[in-house]
Amino acid sequence: MPNAIELKGVSAGYGETVVLEDINLALAPGECVSVIGRNGVGKTTLLATIMGHTTLHKGDVLLSGKSLNRVPVYRRAAAGLGFVPQEREIFPSLSVRENLEVGARPGQWTQERMFELCPNLKERLDNRGNQLSGGEQQMLSIARALLTNPSVLLMDEPTEGLAPVIVEALTAVLVKLRRESGLSIVLVEQNSRVAFEFSDRCVVLDKGRAVYDGASATLRDDPERLAKIIGVSE
Amino acid sequence: MSMQAPTAPNIGTNPAALALAKRHRLRWWEPLPWLLAIGFYFAFPRYLGFGTEMLITILFAISLDLALGYAGIITLGHAAFFGAGAYTVGMLAKHGIWTEPITGLLLAAGVAGLIGLASGLVLLRTTGLTLLMLTICTMGLLEELANMGADYTGGFDGLDSLPIQPVFGLFEFDVLYSTTQYLYVLGVLLVCFVFVRTLVYSPFGHSLTGIRENTLRMHAVGAPVRRRLVVCYTISAALAGIAGALWAQANAYVNLSVLGIDRAATVLIVLVLGGYGRLYGAFVGAVVYMVLAHFLSRLYPSAWQLGLGLMLVAIALFARGGILGIGATLLRGRTEESGKGDVKGHGAP
């Protein structure tokens, strides 16, 4: 069975500027991985490259074994890539219902299933996007991506800017998603605690290169090594 | 485990959310413009020609609102489609090919829509000022084409005394007494408005709003952005074509003015004045603009545009949402006072 998502020797960036160099990453169907690293090491660029928002200089991006190199962004989404952006980017003048409907496609994820994951959204269906709290906006952003019924979900720092209590609740939702959805998920996080709790495998980026790809537990149990390769500790 | 984040007041207690929930439904005041239009028919029988022109302007402004207000397509060349519709009806009637009015409208919509599709496929690859200039160029090209094809279009003189058949074979057009024209245009406007209202509240309409607000995000949820913009532009062009065809039928002539920058600019002013992206902005803008233009030109024949210009400057400076935006702001003030809600943005009446 082909990998759900695979990057082979990928070098990419913005125009002539190269941000990622020689990235190799493969996720089996249903596998989840966290990507951690300091600011500016290329974590967001990694997801943007998978989505097709950057210039691919070298290598291949494959979805279920098929090359995405020349596929436009909207077709990548239609082919099974779901994307939760860093800034949430919900549509402020559309209601929650309309935000959910705007990209929805038939599949295992329905609105009802979504509301089991996040009952708050059900209560807010007719609220406008800009009337939601930060945590609710983040859940809406995740729900909107899930309703496109992707096979691979890309999440860019979903806990950024949220209060600790919301981060805790959101982490629980992410873990539940990992356990029950069967999706392949790439989670980009600066909060290493959230990253380690989310997945058994983690990748560390530094200066656009993958400097670690292995068990989360190894890094979690070795704070010195963690501090050395990403410059922050738990 | 599910997420229970601390939240803002919910739908049950939030008046702004309740207002939003109701926005797709028919609101109590929505029949009002139509009742006023019928009232105008009885109250001002001598002004039905003026009323007909106003209704046509409303339809033209609605077509522009779909492209500009909802999808965010910046255009200053929408008269291209108005003119295409007008010339389609005019040429077919003048050369004795087709004089039935209602099917004439469909033909005009088809031609204008095709031009919208063809130009949209090229134009909508661009954005911003480039797009703006290209829309003006398209209009200029069509205007010159109409000017040069004098054998078919009448050139600079245009085509007059168009033989249009009675509506349903019963109601004759009379250029001096616009009774038939007024009711006919009102009926067509109602049909087109219902269509547009349904469209903007459909998932397709929501995706247009999404494109206007965040194109990249719409790409990322799998929406074929350019295709949807082209579809929207084509529909908008077809509606503008219907407006142009109505103008030609109602006046029984067509000339180069239907393809001019003046007409394109006027409809944009009408929309800005009323409030774009609000459906009813076209109604309010057209009525205010035309009534003001009518009376100001009688009071100050040499400088009537100055008054309109000053009002437009005031609107641009102090009320970006147009006249309806002022109303929405006042309404929001009241709502926030009572429930700390928020009903700002597009989609308000």
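At what angle do the axes of α4(B) and helix α11 (residues 225-251) of chain B cross, and within what distance do they come? Point 4 takes this up. The model is predicted.

1. **Chain B overall.** Chain B holds 15 helices and zero strands. Of its 349 residues, 48% are buried. Take the contacts in chain B between residues at least 6 apart in sequence: 76% of them join residues at least 24 apart.

2. **Helix α4 of chain B.** This helix covers residues 79-94, which makes 16 residues. From first C-alpha to last, α4(B) reaches 21 Å. That is close to the 22 Å expected at 1.5 Å a residue. Just after α4(B) comes G96(B), with a positive phi of about 70°.

3. **Burial of α4(B).** Is α4(B) mostly covered or mostly exposed? Mostly covered: 16 of its 16 residues are buried. Recall how a helix turns. An α-helix has 3.6 residues a turn, so residues three or four places apart point the same way.

4. **α4(B) against α11(B).** Two packed helices are described by the angle between their axes and the distance between the axes. Here the axes of α4(B) and α11(B) come within 6 Å and cross at roughly 50°. The crossing is right-handed.

5. **Residues where they meet.** On the α4(B) side, the residues that meet α11(B) include F81(B), F82(B), G83(B), A84(B) and G85(B). On the α11(B) side, the partners include A240(B), G241(B), G244(B), A245(B) and W247(B).

6. **The sheet in chain A.** Now turn to chain A. It has an open sheet of six strands, in the order β6-β7-β8-β3-β9-β10, with mixed pairing. Why is one side of β6(A) and of β10(A) left without a neighbour in the sheet? β6 (81-84) and β10 (209-215) of chain A stand at the edges, and each has a single partner strand, so one side of each has no neighbour there. On average, neighbouring strands of this sheet are turned by 15° against each other, direction ignored.

7. **One strand pair.** Strands of a sheet pair through backbone hydrogen bonds, either parallel or antiparallel. Strand β3 (residues 32-36) and strand β8 (residues 184-188) of chain A pair in the parallel sense, over four bridges. S34(A) has L187(A) in β8(A) as its bridge partner.

8. **A helix on the sheet.** Helix α10 (residues 223-230) of chain A packs on the sheet. α10(A) touches β3, β9 (201-206) and β10 of chain A. The direction of α10(A) makes about 40° with that of β9(A).

Terms used: Residues are numbered from 1 along each chain as its sequence is written. Chains are lettered from A and ligands numbered from 1 in the order in which they are written. This is a predicted model: local features need pLDDT of at least 70, side-chain atom pairs count only at pLDDT 80 or more; totals for chains, interfaces and linings use all residues. Helices (H or I, at least four residues) and strands (E, at least two) are DSSP runs, numbered from the N terminus. The expected span of a helix is 1.5 Å times one less than its number of residues. A residue is buried if 20 or more other C-beta atoms lie within 10 Å of its own, exposed if 12 or fewer, and partly exposed in between; C-beta atoms are placed from the backbone. Two strands pair if DSSP finds at least two bridges between them. Axes are lines fitted to C-alpha atoms, for helices over the stretch in contact, and angles run from 0 to 180 degrees between N-to-C directions. Two residues are in contact if their C-beta atoms, placed from the backbone, lie within 7 Å. A crossing is left-handed if the near helix is turned anticlockwise from the far one by less than a right angle, and right-handed if clockwise.
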